[in-house]
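Dear colleague,

Please find below the sequence and structure that I am handing over to you. My findings follow directly after it.

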Amino acid sequence: MKHTYMPVILAAAFSAASITIPAAAEETVTVQKGDTLSELANSHNMTVTQMMQVNGLEGDLVFPGQSLKIGDRITEVKGASIHTVESGETLSGIALKYKMSVAELKSLNSLQSDSIYAGQELEVNADQNLSSLDSGQFPLNEGTYDPFVDTWGKSREYGGARVHEGTDIMANEGTPVYAAADGSVSRKGWNELGGWRLTVNTPDGYNVYYAHLSKYADGIDPGTDIKKGQLIGYVGSSGYGPEGTTGKFVSHLHFGLYDSSFKAVNPYPYLTQWEAN
């Protein structure tokens, strides 16, 4: 096989206890110049993780002349499944998808940072039920907002140096805002940073945060049960000052997500998924 040799150091180490090695993995293949572990794995119906596990490798670097065991694809996974990272995915988005915290995902894969790359294989929790967010909907109607980008982690200075914990969606003042998921209103009222804001707690423990509203929809109060798609408020520019302050920035919806411990999670992957649907 003729390949361009581009070795990549694998950013995750996988637990031997979590992967089942096939009993019939006794065939071998000899690495040729230019081969990579991922190409060898693909050509023998295996994943890189499986190749590493079968051969006791600590990384995905291989060398010409090396003999590697091969076998059928491993389908049984004890306590975990493998998620292959796609272009554009983030660690926080993957964690949320499998109902894990970022810390849990990093610990399971021995990751030292939040950096991941397309094609990387990560162990994730197996047999997880879909969260309420997987079937959520975009909070603004099509055609009522501007194209948005991932504003997660951007610096903010008002109220002290901090990072942005959500996605800003620019829209005209008074644009209707709809519930992205079912839940119960847990917080309503003024917040100096978020202005007129609303927090909705989903049945499975996530907290959906809508901020900088101009006003609330009728009947939206703490304890109120709401349904996905229900009108909950209107876009505004409230916040960054005493109660009633507006106009400190361009009108927009600040959309945030928090887990059950109120640890911020990047909502951008979900927003793009909902928008596409």
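The largest nonpolar core of this predicted model has 32 residues, and Leu133, Leu140, Leu198, Tyr210 and Phe255 are those with the most contacts inside it. A nonpolar core is here a set of buried Ala, Val, Leu, Ile, Met, Phe, Trp, Tyr and Cys residues joined through side-chain atoms within 4.5 Å; buried means under 20% relative accessible area, exposed over 50%, and partly exposed in between, with a 1.4 Å probe and protein chains only. Two or more residues each are given to this core by strand 10 (195-201), strand 11 (207-216), strand 13 (231-235), strand 14 and helix 5. Strand 11 supplies the largest share, four residues. Apart from this core lies another, of 13 residues, including Val31, Leu37, Leu68 and Ile70.

On conventions: residues are numbered from 1 along each chain as its sequence is written, and side-chain values use heavy atoms, with hydrogens and water left out. As the model is predicted, local features need pLDDT of at least 70 and side-chain atom pairs count only at pLDDT 80 or more, whereas totals for chains, interfaces and linings use all residues.

Leucine 133 is in contact (heavy atoms within 4.5 Å) with Leu96, Ala181, Tyr206, Val208, Leu257, Tyr270 and Trp274, leaving aside neighbours within four places in sequence.

Helix 4 (residues 102-109) has Val102, Leu105 and Asn109 as its buried residues. These fall within an arc of 65 degrees when seen down the axis of helix 4, so they line one face of the helix. Helix 3 and strand 4 (121-125) are among the elements that cover them. After helix 4 comes serine 110, with a positive phi near 55 degrees.

Strand 13 is mostly covered, with four of its five residues buried. Strand 8 (residues 176-178) runs antiparallel to strand 13 and is joined to it by three bridges; tyrosine 178 has leucine 231 of strand 13 as its bridge partner. Two strands pair if DSSP finds at least two bridges between them.

The loop between strand 13 and strand 14 contains threonine 245, which is buried, with a relative accessible area of 15%. Its side chain reaches the backbone oxygen of proline 242 at 2.6 Å. Not counting residues up to four places away in sequence, threonine 245 touches Trp190, Ser237, Ser238, Gly239 and Tyr240.

For the protein as a whole, there are five helices and 15 strands; helices (H or I, at least four residues) and strands (E, at least two) are DSSP runs, numbered from the N terminus. Of its 277 residues, 47% count as buried. Among contacts with a separation of 6 or more, 66% involve residues 24 or more positions apart. The accessible surface, from the Shrake-Rupley method with a 1.4 Å probe, comes to about 14000 Å², of which 48% belongs to carbon and sulfur atoms.

With kind regards

Conventions: The arc is that of the directions from the helix axis to the C-beta atoms. A polar contact is a pair of N or O atoms within 3.5 Å; within protein, one must be able to donate a hydrogen and the other to accept it, and residues adjacent in sequence count only if both atoms are side-chain atoms.
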